[in-house]
Amino acid sequence: MEKETCRGAFSKKILEEAKKDKNIIVVCTDSRGSASLGSYPDELPNQFVELGIAEQNAVTVSAGMAAMGKKVYVIGPASFYSMRSAEQVKVDMAYSHNNVKIIGISGGISYGALGATHHSLQDIALMRAIPGMIVEIPSDANQMTALTDELLKNDCPAYIRIGRGEVPVINERGSKIEIGKAISWYGGADAAIIACGQMVYRALEAAAALEKEGIHITVLDMHTIKPLDTEAIVTAAHKCGCILTVEEHSIYGGLGGAAAEVLKTETSVPLSIMGIPDEDVPNGTDSEVLDYYGMNTDGIVYRVKSLIEKKNTLHK
Amino acid sequence: MKLTTEHKKELMIQAMNVRVKTVELIYHGKGGHIGGDLSEIDILTVLFDYMKHDSGDPDCPERDHFILSKGHSAEAYYSILEEYGYIDRQDLDEFGSFRAKLGGHPNKKIKGVEANTGSLGHGLGLATGMALALKLNQCNNRIFVLTGDGELAEGSNWEAAMSASKFKLKNLTWIIDRNHLQISGLTEDVMPLENLEQKTKAFGFHTLVVNGHDLEEIYEALDTQDAAGKPMCIIANTTKGKGLACAENKAEWHHKTPTLEQVEQMKKNMAEYRKEFA
């Protein structure tokens, strides 16, 4: 299967767009290499700002530039931009309505054995609680390209979390997305999985395996965590009667938490939240860690079947 | 350029008016950061006279920009904005009431305010970003930012200072209201800042030290033409609570409401001072 990195897709797209728009600025914090920025700094030196290893300052300086009309894309590790710069995001980006977009790279557990200091497993909980923020987790490189297009048309502050490695390409090249609108796959009515980021591919694999067993589910690619597509969640709940959320994030406060907030006020269907539990994560690659927590085809299939059983018990 | 005697006199009268207005605002609003308000008033008075700005055209692209990083000293800022017609007198009168337009910290929703501040250690970074954008656009507007001194314990200031220096932002002027006091006492006891002049110079600024209540000194520092292409830092030595006798140089007046008698006494002193001055 074709694989590509989201960071590579972003870098390619932003270089292309920045050549046409002098107000686009890319900001790095000694992160141009890990961001795969390639030739951008050399080709557009007047639209590239290097601020050294200082993420808080990077967000504030970016907000200052945005206040003067620049469209600023800050790119660096999600772990540092979400937690270390949290106050700068809250005050200088969101509360101040400055057009700064953070591209948080190597998000979730992408950094693997580099450990908890480098993991971002609480970023979604934090970012989605800040008024005015857009929060996105694209599922593949093509979606990242489409999202960049959308972000360029939008002057709201945003946090976009992407992974480090290559992820399977599931969306067609040139496909479009709408911020705040989930993408539905399969369309079955036995259960629904709501997933984001690289977990969408794993959810689709599980859906394919379930199809073979005659279990038909819906998979929602919830690339936008905020503003959340509540309509899609409620519709899926009414149609399928049970929901499993799957995310590369703490089980607290992320996509699952967001879905729960909607489901518990709008419906009473069983909900199961699959994510990283509240504990120290073992050393290993992201795939090894996800497998360890059962966040793979077999594990997701098992959770879906359990949910369907629960739904059926409730309906008896 | 120097201030003419007449101009200086006008500014001194304005500064007195702003002092009285600020103290009344805090009295009627039942609270405010009075000590730092009063220490910064002479700086704000000269700055608003010096900067290119127009309340009739507040978004004018040619204007200079000001950020009050020590956002808690908002009452003096509001008073000077009212002097220049950005804020209505009624808005000042409603300060402290429910849903008032003017809150305890400045917000861009208020005409004339360029940045939302309140959490300390953000202003210099914002100013750096604004100055950098102007430089990239090859514009000549200037950015002025006023920080407190206690605020400088926030490391973000020094990250911003490194950046301003890296990008040679000669359009940026960082003014420090050096009143030597913060809520818990002397800055040098809470977290020593000295040698502040050497520190700012080491961070790449062209630093000048002035008496922050001497309008001429402030004006001349702002008008410095030769900063060797560096961002500028003006350390303005001030007195916390300046002009309110009972509050001068007292840390406990960082945030306090004066009594009616104290307000009246201050107004009386100011009136006498004005008579002498005239």
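Is B:Phe66 buried or exposed? In this predicted model, B:Phe66 counts as buried, because its relative accessibility is 2% and the limit for a buried residue is under 20%.

## Aromatic pairs in chain B

A pair of aromatic rings is described by the distance of the centres and the angle of the planes. Over all chains, the count comes to 13 aromatic pairs. One of the pairs joins B:Phe66 and B:Tyr77: the ring centres are 5.4 Å apart and the planes stand at 80°, so the pair is edge-to-face. B:Phe66 belongs to strand β1 (residues 65–68) of chain B and B:Tyr77 to helix α3 (residues 74–83) of chain B, so the pair ties together parts that are eleven residues apart in sequence. B:Tyr77 is also buried, with a relative accessible area of 2%.

A further pair is formed by B:Tyr78 and B:Phe95. Their ring centres lie 6.2 Å apart with the planes at 65°, so this pair is edge-to-face. B:Tyr78 sits in helix α3 of chain B, while B:Phe95 is found in the loop between α4 (89–93) and α5 (123–136) of chain B; the pair thus links distant parts of the chain, 17 residues apart. Both B:Tyr78 and B:Phe95 are buried.

## An aromatic cluster

Ring pairs also join residues into a cluster, made up of B:Phe48, B:Phe66, B:Tyr77 and B:Tyr84. The edge-to-face pair of B:Phe66 and B:Tyr77 described above involves two members of this cluster.

## The interface between chain B and chain A

The size of an interface is often given as the accessible area lost when the parts come together. Between chain B and chain A the buried area is about 1,900 Å², and carbon and sulfur atoms give 58% of this area. Three residues, B:Asn116, B:His122 and B:Glu159, supply 26% of the area that chain B buries against chain A, more than any other three residues. The contact takes 23 residues from chain B and 24 residues from chain A.

Zero salt bridges are counted between chain B and chain A. Polar contacts are present, however: eleven residue pairs are found across the interface, with both residues at pLDDT 80 or more. On the side of chain B that touches chain A, α5 and α6 (156–166) of chain B each supply at least two residues. The largest share of that side, nine residues, comes from α5(B). By residue class, the side of chain B that touches chain A divides into nine nonpolar, eleven polar and three charged residues.

Conventions:
Residues numbered from 1 in each chain as written. Chains lettered and ligands numbered in written order. Predicted model: local features only at pLDDT ≥ 70, side-chain atom pairs only at ≥ 80, totals over all residues. Heavy atoms only, no water. Phe/Tyr/Trp six-rings, centres within 6.5 Å; stacked < 30°, edge-to-face > 60°. Helix = DSSP H or I, 4+ residues; strand = E, 2+ residues; numbered from the N terminus. Buried < 20%, exposed > 50% of the residue type's maximum accessible area, 1.4 Å probe, protein only. Contact = heavy atoms within 4.5 Å. Buried area = accessible area lost by both parts, 1.4 Å probe. Salt bridge = Lys/Arg side-chain N within 4 Å of Asp/Glu carboxyl O. Polar contact = N/O pair within 3.5 Å; in protein donor to acceptor, adjacent residues only side chain to side chain. Nonpolar A, V, L, I, M, F, W, Y, C, P; charged D, E, K, R; others polar.
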